[in-house]
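Dear colleague,

I am handing over the structure below, together with some notes on what turned up when I went through it. Please look at the sequence and the model first, and then read on.

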Amino acid sequence: MTQAGSRRAAPMEMADPRDPLGLRSDAPLLDAWLRFTAQAEAGLLNPMAVPGHKQRQELTGAVTGGDVPLYGGLDSIKHADVPLGDAEDRAARLWGADWCRFSVAGSTHGNQALALAVGSPGQEVIVTRCLHRSLLLGLVLAGLRPVWVLPERHLSGLPAGVAVGTVRDALASHPEACAVFLGDPSYVAGHAQAAHEAGVPLIVDAAWAAHLGFHPGLPPHAIAAGADGMVTSAHKALPAYTQGALVLARTGLLDPARLDRAFEATHTTSPAGTIAASIDAARALLARDGTELCARLLRLTAAARQRLAAVPGATVLDGPGVEPTKLVVLLAGTGAYGHAVEADLIAAGMPVEMADRDTIIPILTIADDETAVGRFTEVLVAAIERHRGAPRRPVPSPAWTVTPQMALPPREAFFAPNETVGADAAVGRVSAELVAPYPPGVPVLAPGEIITAEALAALRAAHAEGGRIAYAADPTLATFQVITAGR
Ligand SMILES: Cc1ncc(COP(=O)(O)O)c(C=O)c1O
């Protein structure tokens with residue numbers, strides 16, 4: 001149990017082991033989930049409705065344990081929107097938003113919902129080229145034409161945010177643009193002002209940043225900084241079920257009815273109540289203990305940063321503009337390769353969120369404690385030492401280095417006739433597909449972009465070093481899908 005939990009346990013009451021921190025009194029969906037599963041465990045349910053496992057485990061076993069639908073589980077099919085709305089209102093209040101929806105399909109769905117909530121097909125939007133592939137597909141769905149803006153770079157070559165001036169210039173040269181989409185969730189107040197001066201909403205992909213704004217040592221979250229829309233994965237920075245995400249908006253420049261339509265357009269009609277209840281629980285935890293838990297996270301990250309920065313040759317990203325709970329370890333100066341270090345960490349039961357040739361990025365969250373982070377840091381240091389070699393020049397991921405050359409808007413390219421050609425013959429042709437090293441999942445090639453020799457070489461290098469090439473029809477990169485010649 002966390003310090004927060006033990007401090008708050010009622011003196012004479014036994015804590016409920018299924019809700020050890022006593023969150024249910026402020027979490028309607030969690031409360032409903034606890035009631036439903038207690039009934040199921042007591043054998044009091046005999047549902048003649050989905051899910052097809054019927055809360056029994058004789059057939060597929062424990063894998064469906066705890067799976068409760070929102071509709072017909074957390075409440076009746078006709079009434080479940082009421083507790084859902086209550087939980088979403090509580091989240092909206094916590095983030096200072098006017099509108100909030102819980103998604104059971106990740107920030108992927110949230111990004112697509114927000115893309116569908118602005119403008120109309122054919123309109124331009126200003127978009128960071130460091131966008132996640134989910135937003136790119138959102139642009140395809142919505143038929144929006146991106147005006148790409150490129151981020152600044154840290155000295156390490158890794159991307160920083162897009163400069164406010166870059167957004168301003170793009171808005172000035174594209175006065176018809178109907179929104180700005182950014183991916184770096186920290187420090188967006190200036191961008192919000194620039195967007196608002198142009199009369200358009202700022203939308204921020206804060207997939208990794210659900211904890212921002214809950215401690216004075218953290219940057220404010222995007223809504224507090226003035227953004228109009230924000231998506232965040234509750235399953236990334238917060239202790240929620242995989243796929244849980246929140247889509248939050250301030251209305252004014254965004255229309256709540258349109259937001260609802262856009263959200264529903266691609267959300268399942270059978271949301272997992274378990275995921276929704278875990279978002280509700282994570283929100284209740286953040287509301288009550290967020291400051292304390294974020295303080296611990298800040299302490300743990302600072303200690304890990306200090307320990308790792310003391311490893312000869314290693315650099316840990318730091319300084320102005322770096323979100324203080326981010327731990328980005330640069331390995332080139334140690335001679336160790338990221339993929340080899342990652343393999344050791346996996347073998348030790350400590351998988352990290354991202355590893356490429358020169359970088360290791362573990363994700364620390366409010367669920368981590370001193371023991372977990374201390375053990376991880378020592379195993380990482382030992383792995384670096386085991387693989388130490390001659391220092392080398394870092395080679396940033398192609399996701400950060402390639403300058404896109406758009407020949408067609410993504411939607412047109414997505415639906416255009418296409419053909420498969422060998423990689424060398426693909427140079428100079430227009431890509432029909434999205435190709436991204438994953439992680440980070442940032443496209444090197446988007447549908448409609450010219451396959452340059454530079455992009456091909458960078459992708460080949462990432463692949464040769466052991467990186468996974470995602471979403472390409474041919475992940476070996478021997479062939480590419482290109483728009484049919486002469487179309
Ligand atoms: C920046 C960014 N946005 C959106 C997503 C999609 O999030 P989810 O996995 O919750 O669908 C990711 C996933 O890693 C991401 O990195």
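**The ligand and its surroundings**

A polar atom in the side chain of His235 lies 2.7 Å from an oxygen atom of the ligand. Taken alone, the ligand exposes 390 Å², and the protein buries 83% of that. Please keep in mind throughout that this is a predicted model.

An N or O atom in the side chain of Asp205 is 2.6 Å from a nitrogen atom of the ligand, while at Ser107 a backbone N or O atom lies 2.9 Å from a ligand oxygen. There are 13 residues around the ligand, and the ones that come nearest are Thr108, Asp205, Trp208, Ser233 and His235. By type, the shell divides into three nonpolar, eight polar and two charged residues.

Which helix gives the largest share of this shell? That share, four residues, comes from helix H4, which covers residues 106–116.

Asn111 also has its place in helix H4, and with a relative accessible area of 3% this residue is buried. Apart from its neighbours within four places in sequence, Asn111 is in contact with Ser134, Leu135, Asp205 and Val231, and its side chain is joined to that of Ser134 by a polar contact of 3.1 Å. The C-alpha atoms of Asn111 and His132 are separated by 8.8 Å, the two residues being 21 apart along the chain.

**Salt bridges**

The structure holds 25 salt bridges.

Arg168 forms a salt bridge with Glu197, and their closest N and O atoms are 2.8 Å apart. Because Arg168 lies in helix H6 (residues 164–173) and Glu197 in helix H7 (residues 189–197), the pair ties together parts that are 29 residues apart in sequence. Arg168 counts as partly exposed, at 33% relative accessibility, whereas Glu197 is exposed, with a relative accessible area of 52%.

Asp280 and Arg283 meet through their side chains in a salt bridge with an N to O distance of 3.0 Å. Both belong to helix H9 (residues 273–309), and since they are three residues apart there, about one helical turn separates them.

Arg357 is buried, with a relative accessible area of 12%, while Glu465, at 31% relative accessibility, counts as partly exposed.

**Backbone details to check**

Most residues other than glycine have a negative phi, and most peptide bonds are trans.

The peptide bond from Val50 to Pro51 is cis, with omega near 5 degrees, and Pro51 lies in the loop between helix H2 (28–41) and helix H3 (81–95). Tyr187, which is not a glycine, has a positive phi near 60 degrees; this residue is found in the loop between strand S4 (180–182) and H7, and at 43% relative accessibility Tyr187 counts as partly exposed. Leu477 likewise has a positive phi, of about 70 degrees, although it is not a glycine. Leu477 lies in the loop between S14 and strand S15 (479–483) and, at 3% relative accessibility, counts as buried.

Val379 is found in helix H11, which covers residues 370–386, and is partly exposed, with a relative accessible area of 27%. Leaving aside neighbours within four places in sequence, Val379 is in contact with Leu345, Ala348 and Met350. Its C-alpha atom is separated by 45 Å from that of Pro201, a residue 178 places away along the chain.

With best regards

Terms used: Residues are numbered from 1 along each chain as its sequence is written. This is a predicted model: local features need pLDDT of at least 70, side-chain atom pairs count only at pLDDT 80 or more; totals for chains, interfaces and linings use all residues. Side-chain values use heavy atoms; hydrogens and water are left out. A salt bridge is a side-chain nitrogen of Lys or Arg within 4 Å of a carboxyl oxygen of Asp or Glu. Helices (H or I, at least four residues) and strands (E, at least two) are DSSP runs, numbered from the N terminus. Buried means under 20% relative accessible area, exposed over 50%, partly exposed in between (1.4 Å probe, protein chains only). Contact means heavy atoms within 4.5 Å. A residue is near a molecule or strand if one of its heavy atoms lies within 4 Å of it. A polar contact is a pair of N or O atoms within 3.5 Å; within protein, one must be able to donate a hydrogen and the other to accept it, and residues adjacent in sequence count only if both atoms are side-chain atoms. Accessible areas come from the Shrake-Rupley method with a 1.4 Å probe; for residues, only the protein chains shown count as cover. Ala, Val, Leu, Ile, Met, Phe, Trp, Tyr, Cys and Pro count as nonpolar, Asp, Glu, Lys and Arg as charged, and the others, Gly among them, as polar.
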